[in-house]
Amino acid sequence: MIDLFLHAAILTTTPILLAAIGGLVNRIGGLVNLGLESMMLAGALVAVEVSSAASSAALAIVAAGAIGAVVGLTMSLVITRLRANEIIVGLGFTVAVAGLVRYLLKSLYGVSGTYNPPGVVMLPRLDIPFLDGVPIVGAILSRQDALTWFAWAMVPAVAFALTRTRWGLRLRATGSAEATVRAVGLAPLRIRDISTLFAGAMAGLAGAYLSIGIVGLFNEGITGGRGFIALAAFYFGRMSPARTALGALLFGFFDAAQIRLQGRGVPAELVQTLPYVIVIVVLTGLGVADWRAARERTL
Amino acid sequence: MTEMARVEVRLGARRVTRAFGSVLANDRVDLSVAPTTIHAVVGGNGAGKSTLMRILQGVDRPDEGSVILNDRPVRLTGPADAYARGIGMVHQEFMLAPPLTLLENLVLAREPVGFGGLIDWRAAQAEADRLAKIAGVTIDWRLRVVDAPVHVRQALEILRLLYRGADVLILDEPTAVLAPAQIEDLLALMRKLKAEGRTILFISHKLEEVMSVADKITIMRAGRVVETTTPARTSLPELARAMVGESIEAATVEARALPSEKLLFRARGLVARDAMGVQRLGPVDLDIFAGEIVGVAGVSGNGQDELVGSAAGLTHPAEGTIDFAGGDMTRASTSHFRAAGVGYLSADRGEEGLCLTASIRDNFIAGRERDHAFSRFGVLQLRAIAVEAERALTRLSVRYGRLSDPASSLSGGNQQRLAIAREVDREPKLLVAAQPTRGVDIAGTAFIHSLIAAFRDRGGAVLLISESLDEILALSDRIIGLYNGRIVGELNRREASVDRVGRMMLGQKAA
Amino acid sequence: MMNARWSVYLVRSATTAAPFALAIAIGAVVLAATGHEPLAVYQLMVEEAFGGERRIAATLTAATPLLLTGLAAAVAFRAGIFNVGAEGCFYLGGMAAAVVGYASPNWPSTLLIPLALAASGLVGGAWLLGPGVLRARLGVDEVVTTLMLNFIAVDLTSWLVNGPLLARGSANSATPQIVSNAELPRLLPPSTLHLGFVLSLSLVVAYGFWGRFSVEGFRSRLVGLSARFSRAVGIDPLRIFVGVMVASGVIGGLAGGIHVLGLVHRFVAGFSPGYGFTGVAIALLARNSAFGVALAAILFGALSSAGANIQLFSNVPLEIVEILQGAVMIFAVAQFGFGWAGHRLGP
């Protein structure tokens, strides 16, 4: 029983983790991405379409990442070059892309709400035969798909890149001191745009996972606010990929748990509030810590 | 380095002139910095030092004259160009990324690359250690900038210039942010760098340090070079006098006839810290009586800002007590201070003394909107406000278009009059006036002085903080010297002279 | 004097309308790319929004919730507080009004309606007290906290309406109907335009007067322009922050309450298609002015009302409206030489 639960928890974590890692990188570069939801949605739709049309899950993933990147870059340019407020633009993109997607469903495919083309190739699961029988570990590691492995591999990869590569160093500098970065001769806005492109691609992959990784079709509500849960995860994670992954895992657990607990007297909706409550608690804690530090300094 | 030594002027300015509107920031400035020397530029606020530095760094361009590099005139296209030619500058606001480590900040944008395109941190550390050795400083490179003390950050800024190959280092008020103990370390660092073959140009108004470390000193005042000399050929008082100039013939205000008996303001054991938590003022005891102007003479950075903050009720003191008009105000809020009768003329007219985007009327009424004359049951009485505003502004000869115009539409002098109109119209008991005539021309200054004197004659008290020695001498009934956060002396008008006050400003007892 | 006054309104209208124009251009591209005639579609939309009394009434009905969500945002933004939590207050206020509306005995309208509205305002205000205090005392960024509270509020009301407050025998997630005495009367039957429109518009007008003529309005504007200056002249920005946040919450709650009492007559899960977020866009377009809020709310209401109808008369999906709405939000803050940079989220 616990095995099934663990397996499910990993499944629900993957899309959040993908988007959260992207959002984290974006935030480290100085842009809080409130449009992850829109990039996820676009990725989900494109993945289904390409998978069905080209009969290839691999191509579908690439396409999803690409569309996510395009949406991300567009949003980023509006923010960096037109100096628009990132919160409003993020929310605006969420609304606009959601509308565009539903509009296109009706206009291009003549369907309303759900798009289920024939011949969708799902993401293959990767069996690890010798682990299949192993309790707990087997449930966690076996029969996951490539994107899940990719998502978890990105956690140490990003952590490594941030400290050991030039790009990582410059990204961290851009997010904290734009004027300084310009003063040393770099282009902070371009660095920021690239980080958004990355975040968009990751979110696109997350969307692909939701559509061709789990359900095999596209539904207008398929993202279910996960873009904002990813936001909660990377706020929880502050600037650390590991902590962000922990947050994503935590929220994945909540998600899996609340499905199981339904009908057992634990209200699903209240469990759903937990990620957001945790963000507020974390921010309050940080605020208190800052306040204490300031008091210490003046005493 | 040896080729450089054959050059006479490594960096300089020849008849550089730069004007901003009607203000002549640099007026035919000549400057010659010889290679491997330490050259200081001194001058008070508004002397034109910052403008000159910006031109030398390529951020700005002169209207006339030229920048000299290796004996030749050049046109710099920007700071990157200056850097490429070996000129680097450390600004007063450091250009660092706070969450990154000192080492990361050092190599940013010029990271040594190793295997596979990754950053070669070992090479970076080796280079960092080498530079630290040259400079004779010890740095914990793993510290994050945000956790590093100010003087370490400054050392990093300097080392970064070396890392990027600058051999001319321009330092803008480097000791302004340092505690007295760290200043010696910085001066030692400068000497070491000079011995190593670098050229240093630094701006300061801390005359003692200048005398201690500079090879040549250029004194600027009001956009002109007043004198170029060496420590051997001058002395502290002469420097001070050259910096602030002779007392001009501008109308001095009559001193108060008799000392008043009524004690308004009393501070005991006052200690205040700056925004970073560094103690800048105190312990200080200060009494201010009704009907007198107390002038605080001192070079900026000696605790004036903190004294102003405490006296005007903007910040709570860290220790000590403040009594005003008979009540204990030590923990009182700003509005409490103001209600008790304290007025405040901010040195930062644009950001704190006024709200430039708000209208003239709003600036006049700000803080007084609840007054009985201006509102009833929470509703503003616009007519009454307009009438009073017009009256007050006319009384102070403020030249404006309409009350609804933004305050930014006024000239600097008129803006200051607007701020004064607001503060004085409230009829406070004590007026804390910080740099009241900064950026105001001679006529305007005289007018403002007469306003302050009239306020004093009506029985008000004034705490005057000014970098202008002339102003302090012209207005004050009593002059106290502030040096390193302590009061070093007190003179009354009759006893005061440029010499004696100048000595107080430098921390010496007024002999 | 007259000239100056009118020119201000003209400039205001222009800056409010310009992002609309840009959004319409984007919408035209989308329409054309999917085989529709942009001009014909837009013409149809204008007709649907403003053609005739009935249609104008529908537009105004659609604008009603937006007037107050826009106002809620404007009140906060004006003081420099970036509150995006009106959506959550809308939900909570709506639920509070619905509960009072169906659970109370059959008291007369003159008692029931004010009671229900007071409940919705109270709940909304209390909801935003937390973020207000967190910002004032601990400097916690109010954008994130209010954004999170939106989602929490939606989930909270969703739980209540699916559980304890679910109407008996109801298939969808809704509370019981409110008693007829709690309903806001219709203004122009058979259209759905209700008294709530007048109430909301009055509040917007009142805000205009408050901003111009009241002491607190003056103070909060000054704090929004320069908190440092305000502090120096004795105004306490922290107190203003909390006050404005709570006021914003009260107005957001009222918006939800009026929507329930006047239009929906019960609380239904998902009964706000993002009114709160649209309100943010409205406040930005309006530069926080009362006139601008009213104008922008009506424009957005026209968009929404026309969009709902054009689907009936053409094969253009009504989602074109959402695309336009999102585009307006984006263009409202993009600076092509005009615009408002405003708040930046810290790390």
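In chain B of this predicted model, four strands form an open sheet in the order β2-β1-β4-β5, with antiparallel pairing. Strands here are DSSP runs of E of at least two residues and helices are runs of H or I of at least four, numbered from the N terminus; two strands pair if DSSP finds at least two bridges between them. Because β2 (23-33) and β5 (72-74) of chain B stand at the edges with a single partner strand each, one side of each has no neighbour in the sheet. From one strand to the next, the twist averages 30 degrees; axes are lines fitted to C-alpha atoms, for helices over the stretch in contact, and angles between N-to-C directions run from 0 to 180 degrees.

Seven bridges join β1 (residues 11-20) of chain B to β2(B) in the antiparallel sense. Within β2(B), B:Leu24 is the residue opposite B:Ala19. Helix α2 (residues 49-57) of chain B packs on this sheet and touches β1, β2 and β4 (64-69) of chain B, its direction making about 120 degrees with that of β1(B). Residues are in contact if their C-beta atoms, placed from the backbone, lie within 7 Å.

Chain B also holds an open sheet of six strands in the order β16-β19-β20-β13-β21-β22, and its pairing is mixed. The edges are taken by β16 (342-345) and β22 (486-492) of chain B, each with a single partner strand, so one side of each is left without a neighbour in the sheet. Strand β21 (residues 478-483) of chain B pairs with β22(B) in the antiparallel sense over six bridges, and B:Arg478 stands opposite B:Asn492 in β22(B). Helix α10 (residues 304-311) of chain B lies across β13 (293-297), β19 (430-434), β20 (461-466) and β21 of chain B, at about 155 degrees to β20(B).

In total, chain B has 18 helices and 22 strands.

In chain C, the axes of helix α4 (residues 86-103) and helix α12 (residues 275-286) come within 7 Å and cross at roughly 135 degrees. Among the residues that meet are C:Phe90 in α4(C) and C:Phe277 in α12(C).

The contacts between chains involve 43 residues of chain A with 43 residues of chain C, and 17 residues of chain B with 17 residues of chain A. On the side of chain A that touches chain C, α4(A) gives the largest share, 17 residues. The table lists classes, where Ala, Val, Leu, Ile, Met, Phe, Trp, Tyr, Cys and Pro count as nonpolar, Asp, Glu, Lys and Arg as charged, and the others, Gly among them, as polar.

| Side | Nonpolar | Polar | Charged |
|---|---|---|---|
| Chain A, touching chain C | 26 nonpolar residues | 11 polar residues | six charged residues |
| Chain B, touching chain A | 13 nonpolar residues | one polar residue | three charged residues |

Residues are numbered from 1 along each chain as its sequence is written, while chains are lettered from A and ligands numbered from 1 in the order in which they are written. In this predicted model, local features need pLDDT of at least 70 and side-chain atom pairs count only at pLDDT 80 or more, whereas totals for chains, interfaces and linings use all residues.

Methods. Two residues are in contact if their C-beta atoms, placed from the backbone, lie within 7 Å.
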